[in-house]
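Student: Please show me the sequence and the model, and then I will ask about them in turn.
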Amino acid sequence: IELLPLSCGNTIYYLLHIMQTEDTSYDISEDYELVFNKDECEKINILNKYLFRVYSGKYSSTSIFATEKFIERVKNTDLKGFGFKEIWKE
């Protein structure tokens, strides 16, 4: 990823430009939660990545998912405007 600075008056904002992600598949549970295949995630070592996308069959999601590794990096900066929702707990 790269952060691209965007000036607005005296304030600088950053656009997140995602250059590469890992893809993994998912299913949807009866209560409409995303369910990831643990074996597939381990195979592509998803927990050691920063961001990933998901697909179901031939359909790809436009959403980008962040790992704890990425979230910790954001928290250790003075960047603002990030919000995260936990959807998968080890």
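Predicted model: local features only at pLDDT ≥ 70, side-chain atom pairs only at ≥ 80, totals over all residues.
**Surface, fold and pocket**

Student: What is the phi of Asn45?
Tutor: Asn45 sits in the loop between helix H1 (38–43) and E5. Most residues other than glycine have a negative phi. Asn45 is not a glycine, yet its phi is positive, at about 60 degrees.

Student: In what order do the elements of the protein run from the N terminus?
Tutor: Elements are DSSP runs, numbered from the N terminus: helices (H or I) of at least four residues and strands (E) of at least two. The protein has two helices and seven strands. From the N terminus on, their order is β-β-β-β-α-β-β-β-α.

Student: How much of the protein is made up of buried residues?
Tutor: The protein has 90 residues. The buried share of them is 19%.

Student: Which element gives the largest share of the nonpolar patch?
Tutor: Ile1, Leu3, Ile12, Tyr14, Leu16, Phe82 and Phe84 make a nonpolar surface patch of about 610 Å² (Shrake-Rupley area, 1.4 Å probe). Ile1, in the segment before strand E1 (2–8), is partly exposed at 46%, and Phe82, in the segment after H2, is partly exposed at 33%. The largest share, three residues, comes from strand E2 (residues 11–17).

Student: How far apart in space are Leu15 and Glu2?
Tutor: Leu15 lies in strand E2 and is partly exposed, with a relative accessible area of 48%. Leu15 and Glu2 are 13 residues apart in sequence, and their C-alpha to C-alpha distance is 8.2 Å.

Student: Which element supplies the largest share of the lining of the largest pocket?
Tutor: A pocket is an open set of 1 Å grid points with protein on both sides within 12 Å along at least five of seven lines, and lining residues have an atom within 4 Å of a point. Ala66, Thr67, Glu68, Ile71 and Lys85 lie nearest the centre, among 22 lining residues. Strand E5 (51–56), strand E7 (65–66) and helix H2 (68–75) each supply at least two residues of the lining. The largest share, five residues, comes from H2.

Student: How far apart in space are Phe82 and Ile71?
Tutor: Ile71 is one of the pocket residues nearest the centre, while Phe82 belongs to the nonpolar patch. They are eleven residues apart in sequence, and C-alpha to C-alpha the distance is 9.1 Å.

Terms used:
Residues numbered from 1 in each chain as written. Heavy atoms only, no water. 1 Å grid on protein atoms, 1.4 Å probe; cavity = no way out; pocket = protein on both sides within 12 Å on 5 of 7 lines; lining within 4 Å. Patch = residues over 30% accessible without salt bridge, like charges linked within 9 Å, V, L, I, M, F, W, Y side chains within 5 Å. Salt bridge = Lys/Arg side-chain N within 4 Å of Asp/Glu carboxyl O. Buried < 20%, exposed > 50% of the residue type's maximum accessible area, 1.4 Å probe, protein only.
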